[in-house]
Amino acid sequence: MAVINLLQAVNQTLKQEMKRDKRVIVFGEDVGLEGGVFRATVDLQKEFGPDRCMDSPLSESGIVGAGIGLAINGLIPVVEMQFMGFSYPAFNQIISHMARMRNRSRGRYTVPMVIRMPYGGGIRALEHHSESTEALYAHIPGLKVVIPSTPYDAKGLLAAAIRDEDPVIFLEPKRIYRAFKQEVPDEEYILPIGKANIVKEGGDVTLISWGAMMRETLKAAELANEKGIHAEVIDLRTVAPIDQETVIESVKKTGRVVIVHEATKTLGIGAELISIINEKAFLYLEAPPARVTGFDMPFPLPRGEQHYIPSPDRILRKIEAVSNYLT
C-alpha cells in the first residue's frame with residue numbers, strides 16, 4: 001500500500017482507469033507534455049500516447065463541447081479545467097448540453113464525462129484562481145458534483161466518477177493537493193457517489209463539511225472536545241446529490257448542527273442543508289442550525305485570504321454558540 005498525497009492519488013487513478021478501459025481519454029490545457037498546471041496528469045501522455053492524453057486549445061467552451069461530442073459517440077473523456085474560475089466560459093456547454101443530454105434525448109444518449117477542476121483558496125493565487133462555486137453546478141439537474149477531502153477518497157471517488165454513465169463535476173481542493181499523505185491501496189476500488197462519510201462520531205453536535213474545509217472542521221472538533229463538547233463530523237463527499245439520510249440521522253442524534261464551507265454564505269450548499277434539516281428533522285432540533293462560511297464577496301487577493309477562509313477558531317465559536325443555546 002503506497003503512502004501518497006491527493007495529487008498523486010488523482011494521477012494514479014487516471015492511469016489505472018486508462019489501463020482498465022481504452023475508451024478513457026484525457027485532455028485539457030497543458031495536460032499532455034507538461035502534465036497539467038499542478039502535474040496531476042504527469043506521464044499520462046508518455047504512457048498512453050498523444051491520442052489518449054492531449055493538449056487542447058485555450059478554449060474552455062471548446063474543451064467541454066468536444067468532450068460532450070466524444071462522450072455521446074462512445075468515449076469517456078476526463079477533461080481538466082486549469083482552475084474552477086476558468087470554467088465559466090464553458091458554462092453554457094455544461095448546463096445547456098452536458099447536463100441535459102439524457103433528458104433531451106429521452107434516454108437515448110448519455111454523457112459519461114468527467115470535468116476535473118482544482119478549486120478553493122489558500123494558495124495565495126490571483127483572481128479567478130480561488131473560486132468555490134460548487135453551488136452553481138450542484139443547482140443544475142443532471143450534474144453530479146463530487147469533492148474529495150483525502151487521497152483515499154480522491155482515488156475511490158474519481159474512479160466512480162469515470163465509471164458513471166452521466167456527467168460528473170469532480171472538484172479537487174488544491175490547497176490540500178500536497179498538504180499531507182495517506183495510505184492508499186494500490187488496487188482499484190470505488191467509493192459510491194452520493195454517500196457521505198462519518199469521519200468522527202459524537203453525540204453533542206453535528207459538524208458537516210467537505211473538501212479542504214474538513215481539516216479545519218476536524219481541528220475545531222478537537223478544540224471542542226477539549227471543552228467537553230463531543231462533535232460528530234460528517235464529510236459530505238458529494239454535494240449533488242446530498243446524502244440526506246446520513247445527515248438527518250446524525251442531526252436526530254445530536255439535535256444541533258454546524259455547517260462549514262469555504263464558499264460564500266448566501267444560497268450556498270449550507271443553505272440547502274439547513275432547509276433539508278428543517279424539513280426532515282425539525283422536531284429533533286435543540287438549536288437553530290448554523291453556518292460558518294466565506295463572506296458574500298469575491299475571494300480576496302492573497303493578503304486577505306486568511307481572513308476569508310473559515311478558521312478552526314471561527315468554527316469553534318459557532319459550535320459553542322449552538323451548544324449553549326437555551327442551556
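Mentor: Start with the length of α7. Its 13 residues, at 1.5 Å a residue, should span 18 Å, and the end C-alpha atoms are 19 Å apart, which agrees. Bear in mind that this is a predicted model.

Trainee: Is α7 mostly covered or mostly open?
Mentor: Mostly covered. Of its 13 residues, 11 are buried. Among them are Asp 153, Lys 155, Gly 156 and Leu 157.

Trainee: Which residues of α7 does α1 meet?
Mentor: Pro 151, Ala 154, Lys 155, Leu 158, Ala 159, Ile 162 and Arg 163. The α1 side includes Leu 6, Val 10, Leu 14 and Arg 20. By class, this contact has 9 nonpolar, 3 polar and 4 charged residues.

Trainee: What's the angle between α1 and α7?
Mentor: About 30°, with the axes 8 Å apart. The crossing is right-handed.

Trainee: Switching to the sheet. What's the strand order?
Mentor: It runs β3-β2-β4-β5-β7-β6-β12. That's 7 strands in an open sheet with mixed pairing.

Trainee: Which strands stand at the edges?
Mentor: β3 and β12. Each has a single partner strand, so one side of each is left without a neighbour in the sheet. On average, neighbouring strands are turned by 20° against each other, ignoring direction.

Trainee: How do β6 and β7 pair?
Mentor: In the parallel sense, over 3 bridges. Val 145 stands opposite Ile 169 in β7.

Trainee: And which strands does α3 lie across?
Mentor: β2, β4 and β5. Helix α3 covers residues 60-72 and runs at about 165° to β2.

Methods:
Residues are numbered from 1 along each chain as its sequence is written. This is a predicted model: local features need pLDDT of at least 70, side-chain atom pairs count only at pLDDT 80 or more; totals for chains, interfaces and linings use all residues. Side-chain values use heavy atoms; hydrogens and water are left out. Axes are lines fitted to C-alpha atoms, for helices over the stretch in contact, and angles run from 0 to 180 degrees between N-to-C directions. Helices (H or I, at least four residues) and strands (E, at least two) are DSSP runs, numbered from the N terminus. A crossing is left-handed if the near helix is turned anticlockwise from the far one by less than a right angle, and right-handed if clockwise. Contact means heavy atoms within 4.5 Å. Ala, Val, Leu, Ile, Met, Phe, Trp, Tyr, Cys and Pro count as nonpolar, Asp, Glu, Lys and Arg as charged, and the others, Gly among them, as polar. The expected span of a helix is 1.5 Å times one less than its number of residues. Buried means under 20% relative accessible area, exposed over 50%, partly exposed in between (1.4 Å probe, protein chains only). Two strands pair if DSSP finds at least two bridges between them.
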